[in-house]
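Let's go through this one by asking "how do you know?" at each step. Bring your own eyes to the picture, too.

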Amino acid sequence: MKIAILGAGAMGSLFGGLLAEADQHVTLLDINDAHLHAIAERGLRLETDWGDRHVSNLQALRPGDAADVPDLLIVFTKSMHTRAALASVRHLIDPATHILTLQNGLGNVEAVASMVQRERIFVGVTTWPADLVGPGHVRSHGTGEIRLMSADGERPAILARVVDVLSAAGLNCQADANVWGAVWEKVAFNAALNPLCTVLNRPVDALGAVEDGPALALAIVDEVLAVARASGITVDAGKVNDNVRHAIVAHRGHKPSMLQDVLAGRPTEIESINGAVVATARRHGVPVPHTETLMQLVRLVQVQAQAAHQQER
């Protein structure tokens with residue numbers, strides 16, 4: 001299968017490397033020139049529990065330099081960049097191309113649907129961990145899974161093929177009719193841990209310093225899942241609560257992407273996570289005071305961090 005990955009950060013590079021190792025035709029698309037150059041020079045260094053190696057049978061290009069029309073375009077960009085990123089690869093999308101969004105947050109399907117019909121869109125979530133160690137070098141320890149489904153709820157023949165291709169690369173993929181439940185469960189997890197760590201400027205395990213940390217995180221999960229239920233979506237509160245408790249204990253030293261963005265002076269995904277939850281909650285009349293307060297605090301932290309980085313330049 002010809003697969004293009006739009007957004008070759010940690011997750012995009014991990015997926016691209018594993019798919020290339022499984023003999024798929026993979027092109028990584030990104031604007032990080034140092035990363036692209038390192039891959040062109042030495043291949044993609046892929047460090048996982050199965051070894052440390054270089055994957056060279058893939059391309060790494062700027063979007064405008066790519067010419068191969070893919071069967072599948074996997075989108076891993078930050079949510080606020082989705083529309084611009086898709087516009088940069090408009091020339092690669094033909095009537096047979098399907099697009100899979102595995103991005104964080106809400107609103108990604110709507111952004112993709114501004115370019116292609118919903119029947120050509122797959123929506124999913126993944127729990128695979130990944131860190132971009134440096135140019136051309138991605139690290140992932142532990143395992144994960146992918147749950148996906150067509151955005152229109154149908155099961156076209158290519159859905160089974162996509163599931164098989166991703167699973168053959170070791171990515172543990174399954175089609176899930178309740179994929180929107182999975183999306184909201186991940187949103188609840190992220191809406192709790194990402195902003196709390198960002199406001200504290202501390203890694204995930206710091207939330208376990210006092211009982212108030214896990215209690216606050218679980219209160220946010222409850223709010224987000226209440227919004228999901230009000231939207232007609234079936235979610236598993238026990239599963240999300242267990243995942244949050246496990247992360248606080250096990251993810252020692254891990255800084256969520258939202259905190260990493262603030263530290264680097266970049267915009268965060270707060271609007272597509274907590275912001276989108278708050279907007280949906282207002283439509284349904286569901287109170288989400290903790291989720292909204294965190295949204296406001298991250299907005300303040302984000303502005304201050306960006307101003308500080310501008311002064312340093």
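Q: What makes up the lining of the second largest cavity, class by class?
A: The lining of the second largest cavity has four nonpolar, five polar and one charged residues. Ala, Val, Leu, Ile, Met, Phe, Trp, Tyr, Cys and Pro count as nonpolar, Asp, Glu, Lys and Arg as charged, and the others, Gly among them, as polar. Lys186 is in that lining, so under this scheme Lys186 goes in the charged class. Before we go on: this is a predicted model, where local features need pLDDT of at least 70, side-chain atom pairs count only at pLDDT 80 or more, and totals for chains, interfaces and linings use all residues. Residues are numbered from 1 along each chain as its sequence is written, and side-chain values use heavy atoms, with hydrogens and water left out.

Q: Why is a space like that called a cavity?
A: Because, on a 1 Å grid over the protein atoms alone, a 1.4 Å probe fits at its points but cannot get out; a lining residue has an atom within 4 Å of a point. Two cavities of 30 Å³ or more turn up in the whole structure.

Q: What lines the largest cavity?
A: Its lining includes Thr101, Leu106, Asn108, Val123 and Trp180. Helix α4 (108-112), strand β8 (121-126) and helix α6 (179-200) are the elements that give two or more residues each. Helices (H or I, at least four residues) and strands (E, at least two) are DSSP runs, numbered from the N terminus. The largest cavity holds about 60 Å³ of space, and its lining splits into five nonpolar, six polar and no charged residues.

**Charged partners**

Q: Why is the pair of arginine 45 and aspartate 52 called a salt bridge?
A: Their closest N and O atoms are 2.6 Å apart. A salt bridge is a side-chain nitrogen of Lys or Arg within 4 Å of a carboxyl oxygen of Asp or Glu, so the pair qualifies. A search of the whole structure finds 13 salt bridges.

Q: Why do arginine 45 and aspartate 52 count as partly exposed?
A: Buried means under 20% relative accessible area, exposed over 50%, and partly exposed in between (1.4 Å probe, protein chains only). Arginine 45 sits at 28%, so partly exposed it is. Aspartate 52, at 43%, is partly exposed too.

Q: What does the salt bridge between lysine 78 and aspartate 261 tie together?
A: The two side chains meet at 2.6 Å, N to O. Lysine 78 is in the loop between β6 (72-75) and α3 (82-88), and aspartate 261 is in helix α9 (residues 257-263), so the bridge links parts that are 183 residues apart in sequence. Lysine 78 has 25% relative accessibility, so it counts as partly exposed, whereas aspartate 261, with 2%, is buried.

Q: How do you know that arginine 147 and glutamate 185 form a salt bridge?
A: Their closest N and O atoms are 3.9 Å apart, so the pair falls within the cut-off. Arginine 147 lies in strand β11 (residues 146-150) and glutamate 185 in helix α6, so this bridge ties together parts 38 residues apart in sequence. Both residues are buried. Shared partners also join Arg147, Asp176, Glu185 and Lys239 into one network of salt bridges.

Q: Which side chain of opposite charge is nearest to arginine 120, and how far away is it?
A: That is aspartate 94, 5.4 Å away. Arginine 120 is buried and has no salt bridge. Its side chain does reach the backbone oxygen of aspartate 94 at 2.5 Å and that of proline 95 at 3.5 Å. Arginine 120 lies in the loop between α4 and β8.

**Positive phi**

Q: What makes aspartate 23 stand out, and is it buried or exposed?
A: Aspartate 23 has a positive phi of about 70 degrees although it is not a glycine. It sits in the loop between α1 (10-21) and β2 (25-29). With 66% relative accessibility, aspartate 23 counts as exposed.

Q: Where does asparagine 201 lie?
A: Asparagine 201 is in the loop between α6 and α7 (212-230). Its phi is near 55 degrees, a positive value in a residue other than glycine. At 42% relative accessibility, asparagine 201 is partly exposed.

Terms used. 1 Å grid on protein atoms, 1.4 Å probe; cavity = no way out; pocket = protein on both sides within 12 Å on 5 of 7 lines; lining within 4 Å. Points joined across faces, edges and corners; volume = space filled by probe spheres on them. Lys, Arg positive; Asp, Glu negative; His and termini not counted. Polar contact = N/O pair within 3.5 Å; in protein donor to acceptor, adjacent residues only side chain to side chain.
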